[in-house]
Amino acid sequence: MRNLYFEDIEVGMKIESAARTVTETDIVMFAALTGDWNPIHTDAEFAKNTIFGQRIAHGLLTLSIVAGLLVRLGLTERTIVAFYGIDKLRFTNPVFIGDTIKAVLEVVGKEDKEGKPYGVVVYDIKGVKQTGEVVLSYTSRVAILKRNSN
């Protein structure tokens with residue numbers, strides 16, 4: 001599936017991405033980019049004494065990885081108009097160095113914007129690690145071009 005238009009997307013569609021392993025380099029680069037050097041992410045000795053027993057990936061790094069996995073699907077690469085936002089974002093389980101994450105997307109709604117060249121698609125998105133545990137979930141709204149909008 002590539003470059004789906006608003007009309008091509010149906011409520012109930014469910015798509016799973018490829019998977020990606022979270023590395024120590026990912027965490028260090030994210031900390032450097034954002035300035036978030038919290039020791040729960042970057043200090044192995046500190047993290048040993050937390051409830052997780054080891055370093056965990058930043059929640060926003062995990063969200064970014066999930067978003068990137070969805071972009072790699074190429075579903076709306078040339079038909080997306082705008083990203084409207086995220087609702088109900090929850091980080092439900094930790095992600096450790098070496099965990100492998102995939103994204104699961106389900107279309108849960110569509111809003112036809114009468115007179116506009118786009119409609120809004122509502123997705124339920126989950127990040128799932130190799131154990132089957134959901135590590136994050138959220139609802140996303142995206143404006144997608146209608147087929148004859150050009």
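**View 1. His58 in the loop between α3 and α4.** His58 lies in the loop that joins α3 (44-48) to α4; helices (H or I, at least four residues) and strands (E, at least two) are DSSP runs numbered from the N terminus. The model is predicted: local features need pLDDT of at least 70, side-chain atom pairs count only at pLDDT 80 or more, and totals for chains, interfaces and linings use all residues. Residues are numbered from 1 along each chain as its sequence is written, and side-chain values use heavy atoms, with hydrogens and water left out. His58 has a relative accessible area of 2% and is buried (under 20% relative accessible area; exposed is over 50%, partly exposed in between; 1.4 Å probe, protein chains only). Its side chain reaches the backbone oxygen of Asp36 at 3.0 Å. Apart from neighbours within four places in sequence, His58 is in contact with Ile27, Phe30, Ala31, Asp36 and His41 (contact: heavy atoms within 4.5 Å).

View 2. Helix α4 covers residues 59-72, and its end C-alpha atoms are 20 Å apart. This agrees with the 20 Å that its 14 residues should span at 1.5 Å a residue, the expected span being 1.5 Å times one less than the number of residues. The buried residues of α4 are Leu61, Thr62, Leu63, Ile65, Val66, Leu69 and Leu70. An α-helix has 3.6 residues a turn, so residues three or four places apart point the same way. The partners of the buried α4 residues are β1 (14-21), α1 (24-34), β2 (80-91), β3 (100-112), β4 (118-129) and β5 (134-145). Just after α4, Gly74 has a positive phi of about 70°.

**View 3. The five-stranded sheet.** The strands form an open sheet in the order β1-β3-β4-β5-β2, with antiparallel pairing (two strands pair if DSSP finds at least two bridges between them). β1 and β2 are at the edges with a single partner strand each, so one side of each has no neighbour in the sheet. On average, neighbouring strands of this sheet are turned by 25° against each other, direction ignored (axes are lines fitted to C-alpha atoms, for helices over the stretch in contact; angles run from 0 to 180 degrees between N-to-C directions).

**View 4. Strand β5 and its two partners.** Of the twelve residues of β5, ten are buried. Eleven bridges link β5 to β4 in the antiparallel sense; Gly119 is bridged to Ile144 and Gly127 to Leu136. β2 and β5 pair, also antiparallel, over eight bridges, with Ala143 as the bridge partner of Ala82. Four residues separate β4 and β5 in their hairpin, and Gly132 in the turn has a positive phi of about 95°.

Key
A polar contact is a pair of N or O atoms within 3.5 Å; within protein, one must be able to donate a hydrogen and the other to accept it, and residues adjacent in sequence count only if both atoms are side-chain atoms.
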